[in-house]
Structures are given as C-alpha cells and as structure tokens.
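I am opening a notebook page on this structure, and I want to write down what I looked up in the order in which I looked.

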Amino acid sequence: MRALVLLLLVITPLFTLAGCGFMMTKVEINEQTFVFAMYIDKGKQPNTVEVTISAPLPNRLTSGSQAGGQASGDPYAMVTKSSVTVQDALSLIQRDLTRRFDFSHTRAVVVGHRYAEDGLHDLMDWFQREPTTDLDTYLFVAPGKATQVASLTPGFEQMPSEVLARIGDQHNVIGTTFLDCLVAASANQGYALTYLSAGMKPMIADQGKPEPWVGVHGTALFQDHRLRTTLPLEPSLTISWAENQLRGSLYTVSWDKSGKASVYLIQNRAKKSVRLVDGRPVFTIKLKGIGDVIFKRNGIQTDSLSAKYAIERELNEVIKEHLATAIRTSQRERADILQLGMLLDWNYPDYWEKVRSNWSQAYANEAVIEIVADVKVRNFGSVLKSKPE
C-alpha cells in the first residue's frame with residue numbers, strides 16, 4: 001500500500017502540471033515534429049544548457065527506402081540551441097522549425113557527464129511539465145558530451161535513437177526511466193543509469209572506415225538527481241541483477257591454477273529483505289541463478305563432479321565480490337541506488353519516519369548489507385561421475 005501511495009504522490013502532480021495538455025486541440029501529423037531523442041549538455045556560457053533534438057525527416061522515410069540505406073542522406077535531423085533552461089533552448093529550436101514539437105515518441109534522453117554532475121533538476125522539472133512526454137523514456141549518461149552519443153553510427157538500425165531505445169529495452173545493464181528517477185528522488189533515495197562509452201570503431205560495411213560508435217561502459221550512480229560516481233561493467237551487472245533487470249550474463253572463473261570455465265546465466269533473480277538488529281537496519285540481498293557451462297578446461301581436478309563444485313564455488317565468490325564492490329561504492333557516495341529505503345519503509349514504517357529525512361547519511365553509516373549468492377551449474381557438458389575408487 002505504501003508503494004502505491006508513493007507512486008500516486010509522484011504521478012498526481014504530473015496530471016496537474018500537464019492538465020492543459022489534455023485540452024489541446026488536435027494537430028495533424030504532417031504538422032508535427034516527433035522528437036525521438038534528446039541530448040543535454042552544459043552550455044559554453046556560464047549557467048546555460050545546450051539542448052539537441054533528434055527527429056526523423058518524413059521526406060526521407062519513404063516506403064520504398066531500405067532500412068539503414070543512406071542513398072539520399074540520413075533519415076533524421078539534429079538541431080542544437082543553448083539557453084538558460086531546457087525549455088528556453090527548446091523554444092529557440094521551435095522558432096527555426098516548420099512543425100510543432102511532439103515528445104510522445106521520445107524513447108531516450110542522454111545527458112553529458114558535466115551536466116549530470118551539476119544535477120538533473122531542471123531537466124526533471126521540464127519533463128514533468130511537458131504534456132506530451134512519456135514517463136517510460138530511458139535516461140542515459142554520456143562519458144563526455146551528450147552530442148558524442150548523438151553522432152553514433154546506427155549500424156543495425158536507421159537512427160541513433162533506435163540504438164539507445166534498444167539498449168534500454170534489452171537491459172544490457174540497467175534500464176532506468178524518468179518515472180524510476182522521480183519515484184526514487186521523491187523518497188530521498190538514489191538510482192543508477194546506464195553509463196555509455198563513446199569512441200571510433202572501424203566499420204566493415206564502410207570498407208573499414210572509422211565511425212563514431214557507442215557502447216555500454218557501466219552505470220552512473222545518482223543521489224538527489226546529481227551524478228556521484230560511476231561503476232565499471234562487472235559490478236554494474238550485479239546491480240542490474242539485484243534489481244531483477246539482468247537478462248543473461250557470462251562469467252569466467254578459474255580454479256586449481258589451470259582450471260577455467262565460462263558460465264552463461266540462463267536464469268537469474270534476486271530477493272531483498274530487511275530486519276532490525278540492535279536498532280540498525282540489516283539488509284539481505286540474495287542473488288540466485290542457473291547457468292550453463294559453455295567452455296571448460298580441466299585443472300588438476302579432472303573429475304567432473306569435483307570440477308562442477310569448484311566452478312560453482314568460484315562463481316558465487318566472484319558474484320558476491322562484484323555486488324559488494326557496488327554496495328561499498330554506493331554507501332561511500334551516500335546513494336541508495338537499490339532503493340533499500342523503500343523496503344525499510346514497507347516493513348518498519350515507524351523506524352523509516354525517523355530516518356527518512358536523513359536517509360542518505362543513515363544508509364552510509366548505519367545500514368548493514370549482507371550478500372548471498374546461490375548460482376547452480378546446469379548442463380555441465382559431460383556426464384557427472386564420482387571420483388574413481
């Protein structure tokens with residue numbers, strides 16, 4: 001019930017702020033510019049913001065064109081303006097366009113590293129007030145400027161916005177939406193966003209010519225809508241796992257000096273619980289999974305059953321250490337990225353009322369977090385047998 005109440009507290013003001021949007025007159029499709037993605041950076045001038053929009057070009061999206069075809073140029077356009085607020089910058093862009101903005105098809109918003117460090121408060125405020133936005137829009141952090149990501153080569157898609165949307169849908173690390181951010185911030189808790197990587201990569205389709213390429217680097221940790229720090233990929237995967245968002249992952253472990261195996265997780269789930277011990281919250285995060293061995297090189301232990309147990313032991317230790325690294329970092333930065341405070345609120349509401357206003361400090365100094373990893377190996381790839389007598 002408390003989670004439902006919290007959600008209503010976040011969503012209800014949105015209807016109030018955007019109420020006028022429901023009374024808008026109909027606008028013909030050919031009079032609209034559908035913004036598929038936005039890129040937000042700090043402006044060159046002090047206290048300014050640079051906003052870039054990406055929108056398809058209807059005159060180049062003909063029914064006869066091939067997906068990814070570039071014969072008549074890119075099927076999308078980008079426009080950039082700077083001003084003191086996100087809304088002011090968008091207004092300047094609107095003045096130069098022949099069609100009206102529509103953000104109902106926006107699937108991704110990328111923020112630059114420096115802009116994220118200063119805080120996303122203005123962006124969140126605009127997003128709540130704009131009547132055509134979708135709260136399921138994914139949010140990403142760029143390693144430098146967001147416009148680096150804007151210039152990525154779509155590769156298998158038509159537009160960069162489609163690449164970003166698919167990264168969010170596939171949960172390559174963690175798919176965090178604006179709604180997730182707003183709910184977390186309203187409860188004075190943190191959240192994690194996918195942290196992208198950007199660079200140049202030779203493209204075989206273009207005779208090896210280097211083209212801008214974007215991938216997934218890890219996660220960015222936020223508290224109070226401000227970027228605190230970033231995590232590399234391995235601990236980031238366990239954060240996604242703990243949030244029940246991970247879809248498949250590969251781990252390689254070693255044992256007995258020469259033993260080595262790779263395990264692909266086909267099932268993974270997480271469970272979180274909390275109890276009060278001597279007036280302190282003690283959280284338990286249990287990661288469970290089932291994996292297939294897709295590569296194995298036997299070590300000193302040539303017996304299959306012994307090797308299986310060694311793989312499971314090492315695998316669980318690696319997973320525990322990755323999550324422990326993420327948790328230690330989040331506590332150091334006072335960012336409750338797993339929203340453990342909500343779990344505390346649900347189970348011990350009286351205690352939560354005492355610490356809610358200062359939860360970030362309590363999370364860092366008072367919370368005890370225990371980690372349990374329970375991953376089993378399935379389909380070992382050979383017949384299991386006991387050691388010969």
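**Aromatic rings**

I began with F103, which counts as buried because its relative accessibility is 3%, where buried means under 20% relative accessible area, exposed means over 50% and partly exposed lies in between (1.4 Å probe, protein chains only). The model is predicted, so I noted that local features need pLDDT of at least 70 and side-chain atom pairs count only at pLDDT 80 or more, while totals for chains, interfaces and linings use all residues. I also noted that residues are numbered from 1 along each chain as its sequence is written, and that side-chain values use heavy atoms, with hydrogens and water left out.

Next I looked for ring pairs, for which the rings of Phe, Tyr and Trp (its six-membered ring) must have their centres within 6.5 Å; planes under 30 degrees apart count as stacked, over 60 as edge-to-face and the rest as tilted. By this rule I have 9 aromatic pairs. One of them joins F103 and W126 edge-to-face, at 5.1 Å from centre to centre and with 80° between the planes. F103 is in the loop between β5 and β6 and W126 is in helix α4 (residues 121–129), so this pair ties together parts that are 23 residues apart in sequence. In naming these elements I follow DSSP runs numbered from the N terminus, with helices (H or I) of at least four residues and strands (E) of at least two. W126 also counts as buried, because its relative accessibility is 6%.

I then turned to F283 and W359, whose ring centres are 6.4 Å apart with the planes at 70°, so that this pair is edge-to-face. It links distant parts of the chain, since F283 is in strand β13 and W359 in helix α12 (residues 359–365), 76 residues apart. Both F283 and W359 are buried. I also found one aromatic cluster made up of F101, F103, W126, F127 and F178.

**Salt bridges**

How many salt bridges does a search of the whole structure find? I wrote down 14, taking a salt bridge to be a side-chain nitrogen of Lys or Arg within 4 Å of a carboxyl oxygen of Asp or Glu.

In one of them the side chains of D169 and R107 meet, at 3.2 Å from N to O. D169 belongs to helix α6 (residues 160–170) and R107 to the loop between β5 (100–102) and β6 (108–111), so the pair ties together parts that are 62 residues apart in sequence. D169 is partly exposed at 31% relative accessibility, and R107 is partly exposed at 33%.

In another, the side chains of E370 and R275 meet at 3.4 Å, N to O. E370 sits in strand β14 (residues 368–378) and R275 in strand β12 (residues 259–277), so this pair ties together parts that are 95 residues apart in sequence.

Leaving aside neighbours within four places in sequence, D292 is in contact (heavy atoms within 4.5 Å) with S262, V263, Y264, I266, R378 and N379.

**Nonpolar cores**

A nonpolar core is a set of buried Ala, Val, Leu, Ile, Met, Phe, Trp, Tyr and Cys residues joined through side-chain atoms within 4.5 Å. The largest such core has 49 residues, and among these W241 and I311 touch the most other members. Helix α9 gives the most to this core, with 9 residues. A second, separate core has 33 residues, including L90, M124, V141 and L193.

**Positive phi angles**

Most residues other than glycine have a negative phi. N188 is in the loop between α7 and β8 (191–203), and at 24% relative accessibility it counts as partly exposed. R334, which is not a glycine either, has a positive phi of about 55° and is in the loop between α9 (304–332) and α10 (340–347).
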